[in-house]
Amino acid sequence: MKDLKKYYYIPATPEEIYMAITNPITIELWTGEVAEMSTEPGSEFSMWEGSITGKNLEFEPNKKIVQQWYFDGQSDNSIVTIKIHPDKKGSSVELRHTNIPDGDFDDMVDGWNSTYMGGLIDFFEGE
């Protein structure tokens, strides 16, 4: 199991980023895919046609999201924590993803960089 911690700069306010990753309608705008998402702790979510599934654990509006991501056959919980901090011209987003299976690590890093955070950055830069 491996952990990932990384920071991203996104040219948007914490409120805009929080909505973009917690509102299923907004998620569809930047991913191009239908998403199941709720800000209700304990609710399950699904993004990218089920490529990412898990359970929502904790929400602090405009500041923090904590989710458990599911991996087939994994016994240890894989926890994603996204913290959003206001910055001079946007926001600094701190990502921490724990207990990533070794065989999935490179794909997860690439997915975070190019698809998830990369998609958010492209979405907000295009406005």
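Which residue caps the N-terminal end of helix 2? In this predicted model, local features require a pLDDT of at least 70 and side-chain atom pairs count only at pLDDT 80 or more, whereas totals for chains, interfaces and linings use all residues. Residues are numbered from 1 along each chain as its sequence is written, and side-chain values use heavy atoms, with hydrogens and water left out.

The cap of helix 2 is Asn23, which has a side-chain oxygen 2.8 Å from the backbone nitrogen of Ile25. Such a polar contact is a pair of N or O atoms within 3.5 Å; within protein, one must be able to donate a hydrogen and the other to accept it, and residues adjacent in sequence count only if both atoms are side-chain atoms. Helices (H or I, at least four residues) and strands (E, at least two) are DSSP runs, numbered from the N terminus. Helix 2 covers residues 24–31, and within it Thr26, Ile27, Trp30 and Thr31 are buried. Viewed down the helix axis, the buried residues of helix 2 fall within an arc of 120 degrees, so they line one face of the helix. The arc is taken from the directions from the helix axis to the C-beta atoms. An α-helix has 3.6 residues a turn, so residues three or four places apart point the same way. Ile25 and Leu29, on the other side of helix 2, are exposed. Buried denotes under 20% relative accessible area, exposed over 50%, and partly exposed the range in between (1.4 Å probe, protein chains only). The cover over the buried residues of helix 2 includes helix 1 (14–22), strand 2 (44–47) and helix 3. After helix 2 comes Gly32, with a positive phi near 75 degrees.

The largest pocket holds about 160 Å³ of space. On a 1 Å grid over the protein atoms alone, a pocket is an open set of points with protein on both sides within 12 Å along at least five of seven lines, whereas a cavity is a set of points where a 1.4 Å probe fits but cannot get out; lining residues have an atom within 4 Å of a point. Grid points are joined across faces, edges and corners, and a volume is the space filled by probe spheres set on the points. The lining of the largest pocket consists of Trp48, Ser51, Ile52, Trp69, Asp107, Met108, Gly111, Trp112, Thr115 and Tyr116. Helix 3 (residues 105–125) contributes the most to this lining, with six residues. By class, the lining comprises six nonpolar residues, three polar and one charged. Here Ala, Val, Leu, Ile, Met, Phe, Trp, Tyr, Cys and Pro count as nonpolar, Asp, Glu, Lys and Arg as charged, and the others, Gly among them, as polar.

Trp48, one of the lining residues, is found in the loop between strand 2 and strand 3. Its phi is positive, about 50 degrees, although Trp48 is not a glycine. Glu49 is placed in the loop between strand 2 and strand 3, and its phi is likewise positive, near 50 degrees, in a residue other than glycine. Trp48 is buried at 16% relative accessibility, whereas Glu49 is exposed at 70%.

Several strand residues were also examined. Ser91 belongs to strand 6 (residues 90–100) and is buried, with a relative accessible area of 0%. A polar atom of the Ser91 side chain lies 2.7 Å from the backbone oxygen of Ala12. Residues up to four places away in sequence aside, the contacts of Ser91 include Tyr8, Tyr9, Ile10, Pro14, Ile17 and His85, a contact being heavy atoms within 4.5 Å.

Asn99, which also lies in strand 6, is partly exposed, at 24% relative accessible area. A polar atom of its side chain is 2.8 Å from the backbone oxygen of Asn77. Beyond its neighbours within four places in sequence, Asn99 is in contact with residues including Met1, Lys2, Asp3 and Ser78. Ser78 itself is found in strand 5 (residues 78–87) and is buried, with a relative accessible area of 0%. Among the contacts of Ser78, with neighbours within four places left aside, are Gln67, Trp69, Phe71, His97 and Asn99.

Leu57, in strand 3 (residues 52–60), counts as partly exposed at 33% relative accessibility. With neighbours within four places in sequence left aside, Leu57 is in contact with Pro41, Val66, Gln67, Gln68 and Ile79.
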